[in-house]
Amino acid sequence: MSLGLVITEEAQKDIRNIYLYYEDILEGLGERFMDAVENCMHQIVDNPRMFQVRKHNCRFGRLAVFPYVVIYEWEATGIVVYAVFSTRRRPSGWRKRLR
């Protein structure tokens, strides 16, 4: 059974902003970032337990190649993605997004 995936508005903004940042650096790099995000999301949906619980019952799915994590919570009703966050920044900013 496939679980539902909800990407919060804040997480969607994260993805869009990071995409634009990489696309500004080098044309096509933003597309590579989007592929990495999509691959990580597929892993999360296929196996939500793949990544360990880290903080506040959230799991951090690591993107391949890019220094970002997909911060999500897995519940019986589905998966909620709260943020796509740089591993180089202080992680406290995403916590206020929790429901």
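This is a predicted model: local features need pLDDT of at least 70, side-chain atom pairs count only at pLDDT 80 or more; totals for chains, interfaces and linings use all residues.
**Entry 1: length of H1.** I started with helix H1, residues 9-25. At 1.5 Å a residue, its 17 residues should span 24 Å, and I found the end C-alpha atoms 25 Å apart, so the two agree.

**Entry 2: sides of H1.** Which residues of H1 are buried? I got Ala11, Asp14, Ile15, Ile18 and Tyr22. They cover an arc of only 95 degrees around the axis, which means they sit on the same side of H1. On the face turned away from that buried side I noted the exposed residues Glu9, Asn17 and Asp24.

**Entry 3: the cover.** Next I checked what lies over the buried residues of H1. The cover includes strand S1 (5-7), helix H2 (29-46), strand S4 (68-75) and strand S5 (78-86).

**Entry 4: the sheet.** I traced five strands in an open sheet, ordered S1-S5-S4-S3-S2, with mixed pairing. Ignoring direction, neighbouring strands here are turned by 40 degrees against each other on average.

**Entry 5: S4 and S5.** How many bridges join S4 to S5? I found eight, and the two strands run antiparallel. Glu75 has Gly78, in S5, as its bridge partner.

**Entry 6: helices on the sheet.** H1 packs on the sheet and touches S1, S4 and S5, with its direction at about 40 degrees to that of S5. H2 lies across S1, strand S3 (58-62), S4 and S5, and runs at about 25 degrees to S4.

Notes
Residues are numbered from 1 along each chain as its sequence is written. Side-chain values use heavy atoms; hydrogens and water are left out. Helices (H or I, at least four residues) and strands (E, at least two) are DSSP runs, numbered from the N terminus. The expected span of a helix is 1.5 Å times one less than its number of residues. Buried means under 20% relative accessible area, exposed over 50%, partly exposed in between (1.4 Å probe, protein chains only). The arc is that of the directions from the helix axis to the C-beta atoms. Contact means heavy atoms within 4.5 Å. Two strands pair if DSSP finds at least two bridges between them. Axes are lines fitted to C-alpha atoms, for helices over the stretch in contact, and angles run from 0 to 180 degrees between N-to-C directions.
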